[in-house]
Amino acid sequence: MENLVPITRLGKFFGGEDFTLDTGMGQEWLEGDMNFTVILYRVDRYKTKIDDVYGEVLEDGIQFLAPVELKGLVQVMTPSNKLLGNSKVEQQEPGNMKFSLYQKQLDDLGVEIFQGDYLGYYETEDRVRYYSVSDDGYVRSDNKHTYGGYKPFYRTVVATYVSENEFRGI
Amino acid sequence: MAFPKQVKPTLPLVPKKTLSARREQLLEYINEDGTYLPKSVLHADLDRGMLDFVKEDLKVVTAGKIVPMVDIIITTQNWSQYVETALFVDLDYNPAPPFITVVRSPEVKYGTNPSLQYTIPNRKQFYYASVPTWNGNEQGMDIYTIPQPVPVDINYSVKIICNRMRELNQLNKIVMQKFSSRQAYTFIKGQYVPIIMNNVSDESQMSLDARKYYVQSYDFTMLGYLIDEEEFQVKPAIQRVTQLFELDTRVLNKKRNQFPENPDEFMNNFLFVVGNTTLVDVIDYTANMVLVGTENILSYDVYINNDYYGSDVNLIQITTNDTLRIQAFKNDYSYESKITFDSKLV
């Protein structure tokens, strides 16, 4: 059996019940009222056939587990005009996506987000953009991700845009 | 048995085809390539040659697909790259990796092509070719001269943008094999132009908070040269004129002899010297003899074939082989006399 150590920080005016109440209301607002949905494609690292040397897959070669709908706060950064290296090929690079969600949601669903997993976000009814998780936010020990220093309760995932020949949800 | 020695007894200095067939042959020669001169090779042609070289000789195939190439030199007009990359763009109309692009350094420096490093001032013209000409009447040669081509060095960077190492490896293998002796050649408008590989560098985007992709750059220098057809000169050389005329080759009947041969009308003088009053002549032509005048003649009698013809006649119609006899009566027998007739052949 797992050893549990009670958190007694802020104990005179804040406790576990308050934490549960407040995060529950926030989760209700975020997941119920806001209802921003992101689809998580977890890469099946066993079924995906990779290159022995480089760990690369061919186009449409990524195998993933059953997609999972996640609710959270979606922030898509501003796109930027940039050159591909010094190639003079100019393009508008889509911005990264910051996706913040309650850890409890992941715990309830029994899923975890790792670097390299893919997120799909429907911008319109017929257009979905895929991102690759570059920061899974697994380390959430900083004050920002805690409730007033009491306990961590959410995580922020940063994902970068991927081109279609890497992943397109197929 | 030894193979018999191939002896060529005559050299084919004269074209086998002649006349109309030869003219048609010359016309075909001219129409085939436009002119006998080499084509202009200017900056755009060299750039096109580089693009074709990358497209054909550095073709990369991975996973059964040809890695597409931006088939233009990207310039300051941004729309052109979008037109060119329209076939391999993603949902954002950005070119989707993998692809290959060619970047040209805008500056073009004086060339280092070793075959052109000598300096000939003033754009002197050099003999290039002698070209036969035929304008339908005159056959000749035109001398084509061109100045020394101007060497130029153009630097290109061939870049592959991709997100798999194996695509990098594939291009690298092809480049290394192609440039195993450091240089390769492209074929531009009939000219072989050398390309030298200089350097390989990496410009990959590996930032943690941005999309990751590989960009590798292969730097090449094209040792090109400029040939400008505006500087070509064509001058006429020797010409041979052929004059053609037609003859009537039909066989005609022989004409009757005439005497005198020419002209048809002539004067006949009958001179009676002192002591002579009769002249006899066998006439070998047919003519009308018209009296022109007399000198020291009182009167005269005319006999043809000893038949009396008349006295003091003004016209004598004489026929070939007739014997004409004229008997004169002088005014003064101590002087000579003369009767003049104008004979007109009939």
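Within chain B, helix α4 (residues 165-178) has the highest confidence, at a mean of 94, whereas helix α3 (residues 78-84) has the lowest, at 64. Where pLDDT is low, the predicted coordinates should not be read in detail. The model as a whole scores ipTM 0.76 and pTM 0.64.

This is a predicted model, in which local features need pLDDT of at least 70 and side-chain atom pairs count only at pLDDT 80 or more, while totals for chains, interfaces and linings use all residues. Residues are numbered from 1 along each chain as its sequence is written, and chains are lettered from A and ligands numbered from 1 in the order in which they are written.

In chain A, seven strands form an open, antiparallel sheet in the order β2-β1-β7-β8-β9-β6-β3. Strands are DSSP runs of E with at least two residues, helices are runs of H or I with at least four, and both are numbered from the N terminus; two strands pair if DSSP finds at least two bridges between them. The edges of this sheet are β2 (68-71) and β3 (73-76) of chain A, each of which pairs on one side only. Strand β1 (residues 37-41) of chain A runs antiparallel to β2(A) and is joined to β2(A) by four bridges. L40(A) has V68(A) in β2(A) as its bridge partner.

The largest nonpolar core has 41 residues, and those with the most contacts inside this core are M50(B), V54(B), I100(B), V102(B), Y156(B), V158(B) and M222(B). Such a core is a set of buried Ala, Val, Leu, Ile, Met, Phe, Trp, Tyr and Cys residues joined through C-beta atoms within 7 Å, and a residue is buried if 20 or more other C-beta atoms, placed from the backbone, lie within 10 Å of its own. At least two residues of the core come from each of α2 (43-57), β3 (99-110), β6 (150-162), α4, β8 (191-202) and β9 (214-226) of chain B. Another core, of 22 residues, lies apart from it and includes L40(A), I113(A), Y118(A) and V157(A).

The contact between the chains takes 27 residues from chain A and 27 residues from chain B, two residues being in contact if their C-beta atoms, placed from the backbone, lie within 7 Å. On the side of chain A that touches chain B, β5(A) gives the largest share, four residues.

How values were computed
pLDDT = per-residue confidence, 0-100. Buried ≥ 20, exposed ≤ 12 C-beta atoms within 10 Å, placed from the backbone.
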